[in-house]
Amino acid sequence: MTMMTGAEIVIRCLQEEKVEYVFGYPGGAVLHIYDALFKQDQIKHVLVRHEQAAVHAADGLARSSHKVGVALVTSGPGATNAVTGIATAYMDSIPLVIISGQVPNDYIGQDAFQECDTVGITRPCVKHNFLVNDVHQLALTFKKAFYIANSGRPGPVVIDIPKDVTAAKCRFDYPSAIQMRSYNPVVKGHLGQIKKAVHLLLEAKRPMIYTGGGVILSNGAEPLTRLTRRLGFPITNTLMGLGAYPGTDRQFLGMPGMHGTVEANLAMQHCDVLLAIGARFDDRVIGNPDNFSSLPRKIIHVDIDPSSISKRVKVDVPIVGNVPDVLEEMIRLIEAGNAAPDAQDLAAWWKQIEEWRGKQCMKYRMRKSVIMPQYVIEKLYEITGGRAIVTSDVGQHQMWAAQYYKFEQPRRWLNSGGLGTMGVGLPYAMGAALVNPGMQVVCVTGEGSIQMCIQELSTAKQFRLPIKIINLNNRRRCSTAVATRSRTWIRCPTSSSSPRLMATSGFASSGRKTSRQRSGRLSSTTRTISSSST
Amino acid sequence: MRHIISILLENEAGALSRVAGLFSARAYNIETLTVAPTEDVSLSRLTIVTSGTDAVIEQITKQLNKLIDVIKVVDLSEAAHIERELMLIKVRATGKDREEVKRLADIFRGHIIDVTESTYVVELTASGAKLDSFIQAIDPGLILETVRTGVCGIGRGERILKV
């Protein structure tokens, strides 16, 4: 075996992990790594314009593909700029490996140029992080990092590498497997608990299925759909879980929570057995946990993370395990027993639900003076055949996209649910476009959010990424206004001069502005979107 | 309620701050914290005294288990256990107080480990509550300085926390 530098080892590790794209921004502390990166062509580097976008783009790649996203940033400001991206991925449990440069070992703690305590700063928003002081530990650390990031409940892992380590030499030996005594995520659910859950489900008079991002992340959409159809139960997907069950199916009640449908929320409230899968009873979904718990109902909760269970809401049947494994076991038990829920009870429950659904809470009135944003999303759905990867930023446009684009498949809807990071839409679209060639990628954004990472238009142009951006300009920080309107009016600043986005078309290959609902104008604009390839 | 949580974790740089950071980030309470390597130097044993409702304690143990460096977590106070804390207390020891402090130290099975003309240092090992009562028993005007290690604990009998 030949000796390799730390920098070469970093690149070899990424190759071993079959990484295709690294999003990054160079700086002093990572120069050796960049040098090694450009001596090979297996891994492609995407130069972003700001480190936050590097992490978001890696995150978008991971969300849309079930691969681990990789970002490379320099020490000090490079690492601190990446923190928002890391926290965003952490809140939504996205598998990432972020490589950050660090000042040389001898300089650590000396307040050196571009030094910061990256491991300390990122500690609360990573699944785990490492500072690699010794080149001999480098390969093993990468193996651990990828394993930790992508197993159990996924999450971002930071590897901080001092510059001298990237120059030091040692033999390269990449472990083929890894065992950690302190980390053994549970996969199989407890059979006794699963049996109890199945029994409860079959006995239920008013059952309800509520699923979240965990189903998407674990690739559990297929068994979930089979189980739901077999049982004939109503189902709701959270913002993070959209696409886990076909959005156009009759059993699908729409999203729950603050921005959800009447029928999904009332069914959550009035059900007698609630099956929660890979969801965490978030405050935007159930509101006040005390009020939510005041109605009697049995709750079954399937999650790979024990700490998600009984965190906000006490549950009756906890099942810790990997979602698809647990779902397959449930299906097996139901099929083996040839069991079915009581048809009469279920019919009565559906009658009630249809009554709620009859209120048509998502109906809106068309107006002559402006284009209704809901209509834009519906048109987008129509033109893309519901098959596009849709990314969004954070705000009203995000909710409209979630409500009116009917997601049929998982990993087609990318947005920041947990942290609510404005500015993710464009970099998410970049990551998704790279890893899903040939697919339509649309970023639905607002005039506020798009400005948070607008510099990435330049990256998208340089790498000729076929991304369509739809800016729903309502000239307000509207979701903040919606959140506060119900109580007291809280003043909220609005940008007095939103940029005329068309002015940025120097970065883009084409741009259209549409403001009035003239016949066909919107359709022709969206058709342009659908036909243009770059 | 007061709980004593015992943690076995990797003896690695930053492992302690992950535990401490978890408590502050999630607004859990730490009353005392002690940590030292075990007979196997790759492992540290950490004892935290905390308080909270049953739901909070459940979350604390779950969140601790979630940390990658944490190998095992046990709530010692759930079953029979022993807890001990070491206190060094420096007191003014002049005139009739000199005799009184000596007597009190004997009652509490403490040792006087430093003697000057005007001061004693008393070493006391006991449960946290017993150390509190010693402090209460002594005239507050006499106490010059106290230093306590925080509680460490171990399960009774066959209850063993090991990898």
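In chain B, four strands make up an open sheet with antiparallel pairing, ordered β2-β3-β1-β4. Its edge strands are β2 (32–37) and β4 of chain B, each of which pairs on one side only. From one strand to the next, the twist averages 15°. This description refers to a predicted model, which scores ipTM 0.92 and pTM 0.93.

Within the sheet of chain B, strand β1 (residues 2–10) and strand β3 (residues 43–51) run antiparallel and are joined by nine bridges. One residue pair concerns His3(B), whose bridge partner in β3(B) is Thr50(B). Helix α1(B) touches β1, β2 and β3 of chain B, and its direction makes about 150° with that of β1(B). Helix α2(B) touches β1, β3 and β4 of chain B, and its direction makes about 165° with that of β4(B). The mean pLDDT of chain B is 96, with 100% of its residues at 70 or more.

The contact between the chains takes 17 residues from chain B and 13 residues from chain A. On the side of chain B that touches chain A, at least two residues come from each of α1 (15–25), α2 (54–66) and β4 (70–75). The largest share of that side, six residues, is supplied by α2(B). By class, the side of chain B that touches chain A holds five nonpolar, six polar and six charged residues.

Chain A contains an open sheet of five strands with parallel pairing, in the order β10-β9-β11-β12-β13. Strands β10 (235–237) and β13 (317–320) of chain A stand at the edges with a single partner strand each, so one side of each has no neighbour in the sheet. The twist of this sheet averages 15° from one strand to the next. Strand β9 (residues 207–211) of chain A runs parallel to β10(A) and is joined to β10(A) by three bridges; Tyr210(A) has Thr236(A) as its bridge partner in β10(A).

Helix α3 (residues 51–65) of chain A takes part in two helix pairs, one with α4 (residues 77–91) of chain A and one with α18 (residues 425–435) of chain A. Their axis geometry is tabulated below.

| Helix pair | Axes come within | Crossing angle |
|---|---|---|
| α3(A) and α4(A) | 7 Å | roughly 30° |
| α3(A) and α18(A) | 7 Å | roughly 50° |

Helices α3(A) and α4(A) are therefore roughly parallel to each other, and their crossing is right-handed. Residues making this contact include Glu51(A), Val55(A) and Asp59(A) of α3(A), together with Asn81(A), Ile86(A) and Ala89(A) of α4(A). The residues of the contact of α3(A) with α4(A) comprise five nonpolar, seven polar and two charged.

Helices α3(A) and α18(A) are therefore oblique to each other, and their crossing is right-handed. Among the residues that make this contact are Ala57(A), Leu61(A) and Arg63(A) of α3(A), and Tyr428(A), Met430(A) and Leu434(A) of α18(A). The contact of α3(A) with α18(A) divides into 11 nonpolar, five polar and two charged residues. His56(A) of α3(A) takes part in the contact with α4(A) and also in that with α18(A).

For chain A, the mean pLDDT is 91, and 89% of its residues reach 70 or more. Over residues 483–489 of chain A, pLDDT stays under 50, and the model has two contacts beyond four places in sequence for this stretch.

How values were computed: Residues numbered from 1 in each chain as written. Chains lettered and ligands numbered in written order. Predicted model: local features only at pLDDT ≥ 70, side-chain atom pairs only at ≥ 80, totals over all residues. pLDDT = per-residue confidence, 0-100. Contact = placed C-beta atoms within 7 Å. Nonpolar A, V, L, I, M, F, W, Y, C, P; charged D, E, K, R; others polar. Axes fitted to C-alpha atoms, helices over the stretch in contact; angles between N-to-C directions. Parallel < 35°, antiparallel > 145°, perpendicular 65-115°, else oblique. Left-handed = near helix turned anticlockwise from the far one by under 90°. Pairing = 2+ DSSP bridges.
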